[in-house]
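Open the model in your viewer and follow along.

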Amino acid sequence: MTTFDHDVVIVGGGFAGVTAARELTQRGASVLLLEARDRLGGRTWTRPSELGKDLEIGGTWVHWTQPHIWAEIARYDLPLVSSPVPERGLWKVGDDIRTGPAERIFELLDAGMSQTVDRAAELLPHPFKFTPVSDELIALDHISIADKIAELDLDEEQWALVEGMWGLNFSGYPTNGAYTQALRWAALTAGNWMLLFEACATYKLEHGTKSLLDAIASQSTADVKLNSCVTRIDHAGDGVVATLTDGSTITAREAIVTLPLNVLGTIDFGPELPHAIASIATEGQASTGVKVWARIEGDIGRVAALGPTSCALNFFQYEYTVDGDSLIVAFGADNTRIDVTDRAEVQDALRQWIPEIEVLAVDGHDWVADPLSGQTWPMLRPNQLDGVQAAAATALGHVHLAGSDYAEGWAGFIDGAIESAMKVSNRVLHALS
């Protein structure tokens, strides 16, 4: 009988890896969690900032339409806060910056956004359980969200806002984002795009995403090794052998791999992963964007701005006041167009919106350039849905994919990472037994 170092080795210590470690160890499995960074959390990262407040550098918002994370928040009785409701709106049309009540932006968005997702509930009546992917969805998967927007009878103002909103949702260019990905998100809020926007940008954990991550990790007895990067996983026999960058090896009966799609190819698998998922990892998914925090001199009020993805920062909103100054969070579609650590570049981008704005300091992280993530939140390109869902739905030898990238429900959110981890943990427990 083969002797293994552990029952399960988990590669990646984001929410999926930490949740899987808790689920497995609470059921008696021996687990080793390997994380290449010097911290847990993956693409969530609550850290102190020179801007005067602990900030969420990565994933942030949660919502009651997200059942998995909402259950975890209730389990640990964690307090929530809300982002401020914007009062003043700015929106860009051509070279013009227009202003008015923030509600006006939603009025202008409504027709176009509603039309882009009007078939969501029909095509995905059970958005948490749609695998195997239907022929009808597969037949639509070659369409980009930009293609869908182009079908609509929108004027210049409506188009600029709808294109910008989908660019914000995709953290990238709508030309690269799959129409089916938009339908999936909208189906999770019964086709209501306004509720979807609320889910994306309203409720936050009062003490940061780290408070939930730490609560989950505290109920795991897994061995955790930071600064441990896996380069190869062999799984041809009755278990797996994971090889690290220093040449050391770990043996286990099963492996859970939680790497984002865009860096899945940094691990050599023997045997190789199925061609469909391997080719998608090579192509990469659609998110190419940035998130940046900026401390603005003085009180700019509760303002929100939205424009097309031609803006280096096409969305920002006021979040906090610190010693009389304003903290805003901003997003853009293309990490190559702006350095989120460069105060002057961020100020130039924001001065397209408010010419007199003075940026005192900035804080951010380029997740797309980060070799351990290669992307922001996961958003699929056209013709990727079936391949990702097929790979996520079953064991690939002794290898199991888990994480927000592979979720069936809220893919792109912490909820999706937790959902995927719960499903895969059950599958692994069956394999172990």
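How much of the accessible surface of the protein belongs to carbon and sulfur atoms? Show the surface: 50% of about 16,700 Å² belongs to them. Such areas come from the Shrake-Rupley method with a 1.4 Å probe; for residues, only the protein chains shown count as cover.

Two notes before you click on. This is a predicted model, where local features need pLDDT of at least 70, side-chain atom pairs count only at pLDDT 80 or more, and totals for chains, interfaces and linings use all residues. Residues are numbered from 1 along each chain as its sequence is written, and side-chain values use heavy atoms, leaving out hydrogens and water.

Switch to cartoon. You will find 14 helices and 20 strands. These are DSSP runs numbered from the N terminus: helices (H or I) have at least four residues, strands (E) at least two.

Colour by burial next. Buried residues make up 61% of the 433. Buried means under 20% relative accessible area, exposed over 50%, and partly exposed in between (1.4 Å probe, protein chains only).

Now select residues 67-75, helix H2. Ile69, Glu72 and Ile73 are buried there. Look down the axis of H2: its buried residues fall within an arc of 100 degrees, so they line one face of the helix. The arc uses the directions from the helix axis to the C-beta atoms.

What do the buried residues of H2 pack against? Their partners include helix H1 (15-26), strand S6 (80-82) and helix H14 (414-432). Contact here means heavy atoms within 4.5 Å.

Last stop: select Asp77, which follows H2. Its phi is positive, near 50 degrees.
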